[in-house]
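Student: I have a model open and would like to go through the terms used to describe it. Can we take them one by one, with the cut-offs?

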Amino acid sequence: MSFEKAKKFLDEKGFGDRVSEFHVSSATVALAAVAVGCEPARIAKSLSFKVGDKALIVVTAGDMRIDNHKFKTVFHTKAKMLTPEETFSLIGHHVGGACPFGTEPGVRVCFDISLKRFDYIYPACGSSNSAVKLSPEELENIVDGAEWVDVCVQFT
């Protein structure tokens, strides 16, 4: 059901034809990079957090991780990731397919600036075997109310 919600969202925005479904898992950055055929950094992973009583998705490049100090500076709270159960109930997608498309009402979406270095990125599309090819600008334009933040650091 999550895939259908995300796909419908992308269809309505005019990007449904860019969605790919794979016969293999794309649930992790490494698996998604193999499925898509790109470098892992271009996989736009969606990380789910709880900020106060609200759900938050931070979409970041595949080679980045949350920097706790930056996160606290931007969101005024410690980074607390959602459990898999909370991710599904609050975001509307399962871990491995979480994305900013077709989410539950009230979900705050932020894009880490690490995505801006690429011409195209590949976020999931609501399932653990899907992705959609978008430019960072297209991503920004189709997710209403999303904002850019700087809350990540590259893996070392």
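Tutor: Read along the sequence, the pattern of the protein is α-β-α-β-β-β-α-α-β-β-β-α-β-β, with 5 helices and 9 strands. Helices (H or I, at least four residues) and strands (E, at least two) are DSSP runs, numbered from the N terminus. This is a predicted model, in which local features need pLDDT of at least 70 and side-chain atom pairs count only at pLDDT 80 or more, while totals for chains, interfaces and linings use all residues. Residues are numbered from 1 along each chain as its sequence is written, and side-chain values use heavy atoms, with hydrogens and water left out.

Student: How do you know that the radius of gyration agrees with a compact globule?

Tutor: The radius is taken over C-alpha atoms, and the globule rule is 2.2 Å times the number of residues to the power 0.38. For 156 residues the rule gives a value near 15 Å, and the protein has 14 Å, so the two agree. Along the principal axes, the C-alpha atoms fill a box of roughly 40 × 35 × 25 Å.

Student: Why is Phe118 called buried?

Tutor: Buried means under 20% relative accessible area, exposed over 50%, and partly exposed in between (1.4 Å probe, protein chains only). Phe118 has a relative accessible area of 9%, so Phe118 is buried. Phe118 is found in the loop between strand S5 (108-112) and S6. Of the 156 residues in the protein, 50% are buried.

Student: What makes Asp17 count as exposed?

Tutor: Asp17 has 68% relative accessibility and therefore counts as exposed. Asp17 lies in the loop between helix H1 (2-13) and strand S1 (19-21).

Student: Why does His76 count as exposed, and what is its phi?

Tutor: His76 is at 68% relative accessibility, so His76 counts as exposed. Its phi is positive, about 60 degrees, although His76 is not a glycine. Most residues other than glycine have a negative phi. His76 lies in the loop between helix H3 (68-75) and H4.

Student: What makes a space a pocket?

Tutor: On a 1 Å grid over the protein atoms alone, a cavity is a set of points where a 1.4 Å probe fits but cannot get out, whereas a pocket is an open set with protein on both sides within 12 Å along at least five of seven lines; lining residues have an atom within 4 Å of a point. Grid points are joined across faces, edges and corners, and a volume is the space filled by probe spheres set on the points. The largest pocket has a volume of about 390 Å³. Of the 24 residues that line the largest pocket, Ala27, Lys45, Ser46, Leu47 and Gly96 are the closest to its centre. S2 gives the largest share of this lining, 6 residues.

Student: What is the volume of the second largest pocket?

Tutor: The second largest pocket has a volume of about 160 Å³. Its lining includes Phe9, Pro100 and Asp144.

Student: How do you know that a charge sits over the ring of Tyr120?

Tutor: The test is NZ of Lys or CZ of Arg within 6 Å of the ring centre and within 35 degrees of the ring normal. The charged end of Lys133 sits over the ring of Tyr120, 4.5 Å from its centre. Lys116 lies over the face of Trp148, at 4.6 Å from the ring centre.
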